[in-house]
Amino acid sequence: MKHYILFFVSNILIENFILVKFLGLCPFLGASSKIETACGMSFATTFVVLISSVLLWCVNFFILLPLDLVYLRIIAYMLIISFSVQFLEIVLRNTSPILYRLLGIFLPLITTNCAVLAIPLFSLYLNHTFLECIFYGISASLGFTLVMIIFSCIRERIISSDIPLPFQGAPIILITVGLISITFMGFKGLIKF
């Protein structure tokens, strides 16, 4: 049990995909201007990562490896991720039209989010079991969610602050991301597997 708790903490804080591995920056910077959009994008990404991680692990170990089709791994992964995003889009359109409109263009961008593809690939590279693959997907997604919510709260605060003219807009956002990234990199080395 202790192993899985350390695994969760490591993937959320120490090996964070956005601030330490710098993957998934496009939706991070694009959908984090409001807390509602950041929460919606985070939960949508979490859903896609979890579904695609489970499906991709199964496809890899039950189809690609036995049939020696490992070279089709990336193509199969992209098809499954696209399917997951389309499924999520249909579900959101029918169950929560407000969230569907709020996410707008960012919902199809989950397909091109490199973190969504990287999580199953890293899980495969690290030879995770099925249960570890699920925990890896959940914990990496929770790290994504944590950073999205923290940064959206900071961005809402930045908008209402008096910022010098040269730093307004993108410069203050990039400086803030850099400082948060340095903070998360400070966790490096606290937990070793």
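**Ground rules.** This is a predicted model, where local features need pLDDT of at least 70 and side-chain atom pairs count only at pLDDT 80 or more, while totals for chains, interfaces and linings use all residues. Residues are numbered from 1 along each chain as its sequence is written, and side-chain values use heavy atoms, with hydrogens and water left out. My helices are DSSP runs (H or I, at least four residues), numbered from the N terminus.

**Entry 1: α3 and α8.** I started with α3 (residues 35-64) and α8 (residues 130-159), which pack at about 165 degrees with axes 9 Å apart. Axes here are lines fitted to C-alpha atoms, for helices over the stretch in contact, and angles run from 0 to 180 degrees between N-to-C directions. So α3 and α8 are roughly antiparallel (that label needs an angle over 145 degrees; under 35 is roughly parallel, 65 to 115 roughly perpendicular and the rest oblique). I noted the crossing of α3 and α8 as right-handed, meaning that the near helix is turned clockwise from the far one by less than a right angle. Their contact has 18 nonpolar residues, eight polar and one charged. Nonpolar covers Ala, Val, Leu, Ile, Met, Phe, Trp, Tyr, Cys and Pro, charged covers Asp, Glu, Lys and Arg, and the others, Gly among them, are polar.

**Entry 2: Lys34.** I found Lys34 in the loop between α2 (25-30) and α3. What does Lys34 contact, leaving aside neighbours within four places in sequence? I got Ser152 and Glu156, with contact meaning heavy atoms within 4.5 Å. The C-alpha atoms of Lys34 and Ile149 are 8.9 Å apart, though 115 residues separate them along the chain. Lys34 is partly exposed, at 48% relative accessibility (buried is under 20%, exposed over 50%, partly exposed in between, with a 1.4 Å probe and protein chains only).

**Entry 3: Thr37.** Next I checked Thr37, which is in helix α3. Is Thr37 buried or exposed? Thr37 is buried, at 7% relative accessible area. Not counting residues up to four places away in sequence, Thr37 touches Ala31, Leu102 and Leu103.

**Entry 4: α4 and α7.** Helices α4 (residues 73-95) and α7 (residues 114-125) pack at about 135 degrees, with axes 10 Å apart. That makes α4 oblique to α7. Their crossing is right-handed. From α4 the contact uses Arg73, Ile74, Tyr77, Met78 and Ile81, and from α7 Val116, Leu117, Pro120, Leu121 and Leu124. By class I have nine nonpolar residues, no polar and one charged.

**Entry 5: α9.** I compared the length of α9 (residues 170-185) with expectation: its 16 residues should span 22 Å at 1.5 Å a residue, and the end C-alpha atoms are 22 Å apart, which agrees. The expected span is 1.5 Å times one less than the number of residues. The buried residues of α9 are Ile172, Ile173, Thr176, Val177, Ile180, Ser181 and Phe184. Among what covers them are α1 (2-14), α2 and α8.

**Entry 6: positive phi.** Most residues other than glycine have a negative phi. Asp68, not a glycine, has a positive phi of about 55 degrees. I placed Asp68 in the loop between α3 and α4, and Asp68 is exposed at 59% relative accessibility. Asn127 also has a positive phi, about 55 degrees, without being a glycine. Asn127 lies in the loop between α7 and α8 and counts as exposed at 63%.

Methods: Helices (H or I, at least four residues) and strands (E, at least two) are DSSP runs, numbered from the N terminus.
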